[in-house]
Amino acid sequence: MKEKKIEITYCSVDPAELPVEDRELIEKAKSMTYSSYAPYSRFCVGAAIRMADGSIACGSNQENAAFPSSLCAERTACFHASATHPGMPMKKIAIAARNIGIVPKGCEDSAPFQAKPISPCGACRQALLEYEHLHGPIQVILYGDEESFIFPSVESLLPFSFTNF
Ligand SMILES: [Zn+2]
């Protein structure tokens with residue numbers, strides 16, 4: 001038996017230090033949390049994808065009474081990106097979230113952004129990775145109000161993905 005190790009490298013960043021295009025992408029992801037439809041989880045996630053032509057495709061989580069019919073913000077965004085920009089590389093994705101469950105009903109817009117970054121679920125990582133395999137690395141920017149992370153690629157978040165063997 002031989003032990004093997006996987007290491008990933010990511011950066012902890014202050015968004016204020018990022019280039020204006022990245023700050024714009026983060027602001028778009030943050031703004032998308034206000035369009036979430038999350039009456040069940042009361043957890044609002046926004047995602048924004050920078051396309052190769054500089055445009056932005058975006059999404060937010062959309063829930064449904066039939067829970068498995070719901071879709072995460074990241075897949076809403078990447079499917080929107082592919083549907084509206086077929087064949088175009090996705091360069092970066094920014095993700096932000098607010099927990100509206102901590103504020104009284106009717107005050108949802110006052111809920112703050114998560115202090116620590118949230119990261120995409122496994123299904124979203126797999127979906128994003130397919131576009132990455134087609135067109136090259138998609139940088140992942142995970143926003144937190146106190147700390148944000150940048151990963152160089154989706155693959156760095158999903159070693160041993162379904163199609164990597
Ligand atoms: Zn997901």
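**Figure 1. Buried residues of helix α3 in the predicted model.** Cys124, Arg125, Leu128, Leu129, Tyr131 and Glu132 are the buried residues of α3. Viewed down the helix axis, these buried residues fall within an arc of 165 degrees, so they line one face of α3. An α-helix has 3.6 residues a turn, so residues three or four places apart point the same way. The buried residues of α3 pack against α2 (73–84) and β4 (90–99).

**Figure 2. The other side of α3 and the residue that follows the helix.**

**Figure 3. The largest nonpolar core.** This core has 36 residues. Ala29, Ala47, Ile49, Ala77, Ile93, Ala94 and Ile95 touch the most other members. Two or more residues come from each of α1 (20–32), β2 (43–51), β3 (56–60), α2, β4, α3 and β5 (139–142). The element that gives the most is β4, with 6 residues. In soluble globular proteins, nonpolar side chains tend to be buried together.

**Figure 4. Contacts of Ile49.** Ile49 is among the core residues that touch the most other members. Neighbours within four places in sequence are left aside here. Beyond them, Ile49 is in contact with Ile56, Ala57, Cys58, Ala77, Cys78, Ala81, Met90 and Ile93. Of these contacts, Ala77 and Ile93 are also listed among the core residues that touch the most other members.

Methods:
Residues numbered from 1 in each chain as written. Predicted model: local features only at pLDDT ≥ 70, side-chain atom pairs only at ≥ 80, totals over all residues. Buried ≥ 20, exposed ≤ 12 C-beta atoms within 10 Å, placed from the backbone. Helix = DSSP H or I, 4+ residues; strand = E, 2+ residues; numbered from the N terminus. Arc of directions from axis to C-beta. Contact = placed C-beta atoms within 7 Å. Core = buried A, V, L, I, M, F, W, Y, C linked by C-beta atoms within 7 Å.
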